[in-house]
Amino acid sequence: MSLLNINNLSVILETNKGPARAVRNLSFRLEKGETLGIVGESGCGKSMAALALMGLLPERSKTEGQIKLDGQNLLEKDDQEMCQIRGNRLAMIFQEPMTSLNPVHTVGNQIMEPLRLHRNMSESDAKVETLRLLDRVGIPNPQARFDNYPHQLSGGQRQRVMIAIALSCQPDVLIADEPTTALDVTIQDQILDLIQTLVREEGMSLILISHDLGVISENTDNILVMYGGAAVETGKTEQIFDELIHPYTQGLFAAMPKLGRAKNRRLVTIPGTVPDLISMPMGCTFTDRCPLATEVCQNTPPPVVEVKSKHFVACHHLDEARDRKTEELFS
Ligand SMILES: Nc1ncnc2c1ncn2[C@@H]1O[C@H](COP(=O)(O)OP(=O)(O)OP(=O)(O)O)[C@@H](O)[C@H]1O
């Protein structure tokens, strides 16, 4: 049995314009100690999928499908049970730590709180553990930092505090949603390295969410490429980079800044924008932007084909997609 087994998950948001399907029939598995990258442009439903796992979706939303953690469907749990699961099994860090940290409490108290609540520690034990966690996430001089407020720390240090809070409940699964997007490039690498080290040393599984295929490629075992709320390509990270197949994955790859790219070559962008959730095409969600699209793509959902062991692609035009070189598709 997988640690996490997501089966046909859909998230439907109630909006003023009607129901919007932000996640569509998403399925994936996560094993113990494995790292999965979810990649796609802004608005593809990555965060909604993560919030569904955490039981933190907005009020006017509903879910379909299953999210099984050790065989138990989290979508059947009540709020109190989900709170326990968030305190013990799943933890999430977000893009902007300033909005997740409470500005009027010291960082020390914010790390101590889950230790006291979920691990029933005494105040003195929680303080000792908080200082250990601050040190573990690379905050220099934890004793002095304990009494600081979030605004007294740099962006990178605030993200380290968020990681310490996530670690405090010794989760089995860490979900990091764009954890470095708000940080300077040099700090980004340090935070990603820290997450990798902690995940490895603590034996956690990781779901790393990013719009940046470069970040995902360097930090994960497996990749799930999401577009329009659906998975369009999944597989081992190495395998996907060996053979990019789905036209959307090819587009993301072409749009990656690359070292050594000839000076006169402009950076490729995928023309158009992500589809409106209310008026999705009936068929493939990528139809309107895909250079290979034909009528069948517009009207019929694509078959999901296992092109190699555990490498799945959802596309009506697999052979053509395989034959076209990335830069021919998006140039
Ligand atoms: N509270 C909400 N009510 C209605 N629609 C929403 C709400 N939050 C997000 N959406 C819509 O749901 C879709 C998926 O959003 P989501 O945040 O999951 O995308 P994402 O891929 O994580 O992108 P980003 O990185 O920008 O957050 C988007 O079209 C977004 O506009």
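Helices (H or I, at least four residues) and strands (E, at least two) are DSSP runs, numbered from the N terminus. The model discussed here is predicted.

Q: How much of the span of residues 4–253 is helix, and how much is strand?
A: UniProt lists residues 4–253 for "domain: ABC transporter", in an unreviewed entry. The end C-alpha atoms of that span lie 28 Å apart. Its make-up is 42% helix and 28% strand.

Q: Which residues come nearest to the ligand?
A: There are 16 residues around the ligand. By class, this shell has seven nonpolar, seven polar and two charged residues. Those that come nearest are Ala 22, Ser 42, Lys 46, Ser 47 and Met 48.

Q: Which element gives the largest share of the shell around the ligand?
A: At least two shell residues each come from β1 (4–15), β2 (18–30) and α1 (46–54). The largest share is three residues. The element that supplies them is α1.

Q: Are α4 and α5 parallel or oblique to each other?
A: Helix α4 covers residues 107–118, and its axis lies 9 Å from that of α5. The two pack at an angle of about 120°. Angles of 65 to 115 degrees count as roughly perpendicular and those over 145 as roughly antiparallel, so this pair falls between the two. α4 and α5 are therefore oblique.

Q: How many charged residues are in the contact of α4 with α5?
A: α4 passes α5 in a right-handed crossing. On the α4 side are Gly 108, Ile 111, Met 112, Leu 115 and Arg 116, and these meet Ala 126, Lys 127, Glu 129, Thr 130 and Leu 133 in α5. By class, five are nonpolar and two are polar, while the charged residues number three.

Q: What is the angle between α5 and α7?
A: α5 runs over residues 123–136 and α7 over residues 155–168. Their crossing is right-handed. The two are oblique to each other. Their axes are 9 Å apart, at an angle of about 125°.

Q: Which residues in α7 meet α5?
A: The contact of α5 with α7 has four nonpolar, one polar and one charged residues. From α5 come Leu 133, Leu 134 and Arg 136. They meet three partners in α7: Ala 164, Leu 167 and Ser 168.

Q: Are α7 and α8 roughly parallel or oblique to each other?
A: Helix α8 spans residues 185–202. Its axis and that of α7 are 10 Å apart, at an angle of about 15°. Angles under 35 degrees count as roughly parallel. So α7 and α8 are roughly parallel.

Q: Which residues of α8 make the contact with α7?
A: α7 passes α8 in a right-handed crossing. Gly 155, Gly 156, Gln 159, Arg 160, Ile 163 and Leu 167 take part from α7. The contact residues divide into seven nonpolar, four polar and one charged. From α8 come Ile 187, Gln 190, Ile 191, Leu 194, Ile 195 and Leu 198.

Notes:
Residues numbered from 1 in each chain as written. Predicted model: local features only at pLDDT ≥ 70, side-chain atom pairs only at ≥ 80, totals over all residues. Axes fitted to C-alpha atoms, helices over the stretch in contact; angles between N-to-C directions. Left-handed = near helix turned anticlockwise from the far one by under 90°. Contact = placed C-beta atoms within 7 Å. Nonpolar A, V, L, I, M, F, W, Y, C, P; charged D, E, K, R; others polar. UniProt positions renumbered as here; feature names shortened; annotations may be inferred. Near = placed C-beta within 6 Å.
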